[in-house]
Amino acid sequence: MKKFLAKRKIIAAGFGIALCGMIPAIGGAEFKYSGTDDEIALLNDIYLFRYIGNELKFALAYDQLPEGAKFSVDLLSKASAGKRINLLASFPQSDITGIEFLCRGVEGKGQLIIGMGDRATYNQKAMNIENGGAWQRIEFSDGKTRNLGHITWALVSSASPFRVQLANVKLLLADGKKLELYDPSRTLICFDTNGIPTPEGKSPSMDGRAILGMGGGYASMENTMLTIAEIRNLFDNIAIAPDFDFKSIAPLRNDYLALDVPMSYQTTESQEIGGFLGRHKAFGALANGFSRNTVLDRGKWSMPVFYHSGDYGHPAMLEANCRIIDALAKAGINDYIIPDSGWWMNVSTGFSPADLKAFREALNGSDSGIDWTNFDGKKSKIHFLDYFQERFGVRLTPQLLGLKNFNEFVPADKRGGDSPEEIRRVATFFALKRYVLLRFFSSLGAYGKSKGVNVVAMPLNCSSFGQGMARLDAYQADHFDLADTNVFFSPETPAIGRPGEIPAEAGLFGILVRGRTYREFKKLNGTKLRLFHEAGQAGANIPYRDPRLDYVLYYAATAATGADSLQSDFLSSYTRRGLPKWSDFSDPTKLFHHSRFVSQAASVAGFLDAYAVKPQLPDNQGFIVSLPRSADFFAVKDDSTMGEIARRELGYPVEFAAAEILNTPASNGTRIVLDDMRGHTSKQVKAVSEFLKNGSDRIVVLTPLALGHSFDGSDLLPAYTGEYYGINDAGAYAEFGVKSIEKKTEEKPGIIRKSDSEFSFPAAVKINGAVYNVKGEGFETVAEWKNMPLIQRKKLSNGNCLYLLGYQPGHKDDFALDRAVLAGIIGSSGAKPVWSNSNRDVLVHPFKITLPESESAMVYAIFDTRPYRNFVFQNGVPSWKNFMKYETKLSDIVVDIPTGDANGQIIYELISGESRNADSSDLKFTLDGKSARLYFVLPNTPAGQKFLTGLKKRHEFLTGYATPDLIEFLNDNKEERKP
């Protein structure tokens, strides 16, 4: 660790030596950056230097300047002779008539080409530039006002390298004034509101809207507005969320609103406000010390560093975003989305000097804190030590981290370590990263509310410690809404690492089985949930999923969570295939653009259809609650918990929730708690204990790992990862008579003897996992193994019941035993399975809907888990390698739903269009080789028939788009397989 920290200092010092104080040599071959504050601001401003790569470099020069110039822009092309390299300058004004500047050659020779115009007309002027020439004054204007957002330069070298300098670059405005283009003091130039029309009409809420993401430049194209008008003819309640280019899209706000299409706005700040962040050195750092604060050569920036490297602990980040909100408010745009904050590939892995300062302030409690809603609905202001104790049950002290005081804190760089103190610093580092990000969004959200602008956080990889912001945190922190990226239906990263480490099944169903918790949190704090749909790689490639599957997934996710809106990325495309028009989207022969539009249309339809009927969870949802193993209850690591087994193996309606929501309105109706935690805080133990002490006819099931481990400050990482570090606390449940726990290592076949008729075990069982001797006082032995209690039960005076297990459920070879144990315990409560012929290859999600005349109907989203169980998303590979099929060709599975009153009701499967009347009291559904099915069970009444007519229209809509040719293209994408 000491060697690592020393290395960081050397690297940082190296950057300073290489970059600070150097002046580019005029006329020489060497090309260096000055590192002045002005240059750091200017070179980080993507809007003033765009579309460049390794073949074009630039810096500022400060000597041999023409009269009146503060600096010159030094351009160096390394391209081969004859190759054109473009540089684009972007600005907020739209009334540009021309440009004037001074230029001269420094090295080599070639042409400098200046161009201007709108998308209908484009004019350019070429100038020959030679080495050593004098400064030339260039003016280029046609005297006509243009609706411009940029000027282009191009370098075409006759001999490489080719180097020129530009100075006194000024835009000529229609009113005769001149605007200095390269002015480092204008670090928020792209949010200039000059020329933006006064807002007409109030933008409606985004509730119930499907929000189409797109590039800002795309949104400002005339063809785009025609495209949106066509999409508006297909769907009510859509909106748009352009990405970047505020100055181009804000003037269009009134035009889009006239179509009943309100405008949101989204941006990744490190691109659009890079100049401001550069001036204030407000970029983060990687673990190796790399930072845009010091490395100004964009050729060395990775994609995440280019787009996602802002430092959320730096005050300048908050200040800049507040200024953005001011601009949005002035433009009448009342929704602001910040996507992809907290990337595993860049600044989430390291820390900058500003981070370190923010960390120490947070540890000392001298920061602003976070407005917080407790589980009981009470409001408070919390600081980091409160937050840490809330999540991990430990009140941090400097001594726990091996420090004399918190001002000595320096993050550790790895998971393990040479000492317990170092391990704690790793855990503290990740928690600080999350806390700082959370505080940023809460503070910005409060400012946004004061200006009438809603802030929506879209943190990357929610529930991944050190990589994003937990959903649990986002719901408890006040003032902002949450966009849930889990609807990407890729696996959550449960701890430290990257997506793609576990099968997609985990992420696919994680949001569905936690629907009740989402709904209750929304009631608790008023936080709104925005689902997220990404068609394909970064939203701009061939889709990940069959569109029929998209429809079922988004219908089910909306129904499960009660989501308020849906956002899709991207309608436009940043690919070699160009920017699409409606004719591209609607033409089935243009498979690339058409397939992406169909993916968006299917997900939009699924969301809007579910939102319109407001499906509710069935009455028995939440009857059984599983308390998952990690501190972040929205993460799903695998299926080795009692809750997963009860749901998958036995078909029970299990809800997954945090222990802290027990004994609050969120747990009303809960009768059974399956404590799957592999460790607990004292607060969580208290919550479980209080649940047992209150109410009646309640059951709590404790496993050995839930019984015997508490987080005491020596083992904080298990709070993130769910790992088991051993039994350290046998007295957590002492008040209920639990005395001791002893782990047994012997694992041989033994007879399970039972003393209760509710349990039915195989004659001989080999327990493949560990066995524990749990000693309790006042418990009866329900079943024993090798003369040791395997299941113990205590009936409390209030009628509640506590079960102790002597083995840990979830071993892959113990499912027969798990089924027997849980069937006996849950069966004793009178709980009924959702489907009677339970099969772990099936998940059933039922929802209630209310028709006119107060008639009720049911919807059943049924998934075959087999395709997802073995599917692992691979980041960065072609979409066809990440494609989820609808037609699986797997063996059929029949699902029996016991209802008691289904006879005569209409059964309609929306994707296939199959319709029939139920002919028995129970329902039988078939998967028929499909990855998902969506069944509606309707009353055979006028209201039911009318609703059925609408379903048939949606079926025709989906069938019209999901044609055999399109499905064949998606299933075997030969276009993407080309080298």
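**Reading salt bridges, a helix and the cores**

By the distance rule for cysteine sulfur atoms, the count of disulfides comes to zero. The model is predicted.

Reader: Where do the cysteines Cys190 and Cys801 stand, buried or exposed?

Author: Burial is read from relative accessible area, and under 20% is buried. Cys190 has a relative accessible area of 2%, so Cys190 is buried. Cys801 counts as buried because its relative accessibility is 8%.

Reader: How many salt bridges does a search of the whole structure find?

Author: The search finds 40 salt bridges. One of them joins Asp619 and Lys848, with the closest N and O atoms 2.9 Å apart. Asp619 lies in the loop between helix H19 (591–613) and strand S19 (624–627), while Lys848 lies in strand S29 (residues 842–850), so the pair ties together parts that are 229 residues apart in sequence.

Reader: Which parts does the pair Lys693 and Glu735 tie together?

Author: Their side chains meet in a salt bridge of 2.9 Å, N to O. Lys693 is in helix H21 (residues 682–693) and Glu735 is in the loop between helix H23 (717–721) and strand S23 (738–744), so the pair ties together parts 42 residues apart in sequence. Lys693 is partly exposed, with a relative accessible area of 41%.

Reader: What about Arg866 and Asp864: buried or exposed?

Author: The side chains of Arg866 and Asp864 meet in a salt bridge at 2.7 Å, N to O. Arg866 is buried, with a relative accessible area of 18%, and Asp864 counts as buried at 0% relative accessibility.

Reader: Which residues are linked in a network of salt bridges?

Author: Such a network links Asp546, Arg548, Glu887, Asp928 and Lys930.

Reader: What should the 13 residues of helix H4 span?

Author: At 1.5 Å a residue, helix H4 (residues 222–234) should span 18 Å, and its end C-alpha atoms are 19 Å apart, which agrees.

Reader: Which residues of H4 are buried?

Author: An α-helix has 3.6 residues a turn, so residues three or four places apart point the same way. In H4 the buried residues are Thr224, Thr227, Ile228, Ile231 and Arg232. Seen down the axis, the buried residues of H4 fall within an arc of 145°, so they line one face of the helix. Glu222, Leu226 and Asn233 are exposed on the other side of H4. The cover over the buried residues of H4 includes strand S9 (210–215), helix H3 (216–219) and strand S10 (238–243).

Reader: Which residues touch the most other members of the largest nonpolar core?

Author: That core has 178 residues, and Ile228, Phe246, Phe384 and Phe936 touch the most other members. Helix H13 (residues 420–451) gives the largest share of this core, 12 residues. A second, separate core has 44 residues, including Ile85, Leu87, Ile99 and Val169.

Terms used
Residues numbered from 1 in each chain as written. Predicted model: local features only at pLDDT ≥ 70, side-chain atom pairs only at ≥ 80, totals over all residues. Heavy atoms only, no water. Salt bridge = Lys/Arg side-chain N within 4 Å of Asp/Glu carboxyl O. Helix = DSSP H or I, 4+ residues; strand = E, 2+ residues; numbered from the N terminus. Buried < 20%, exposed > 50% of the residue type's maximum accessible area, 1.4 Å probe, protein only. Expected span 1.5 Å × (residues − 1). Arc of directions from axis to C-beta. Contact = heavy atoms within 4.5 Å. Disulfide = S-S within 2.5 Å. Core = buried A, V, L, I, M, F, W, Y, C linked by side-chain atoms within 4.5 Å.
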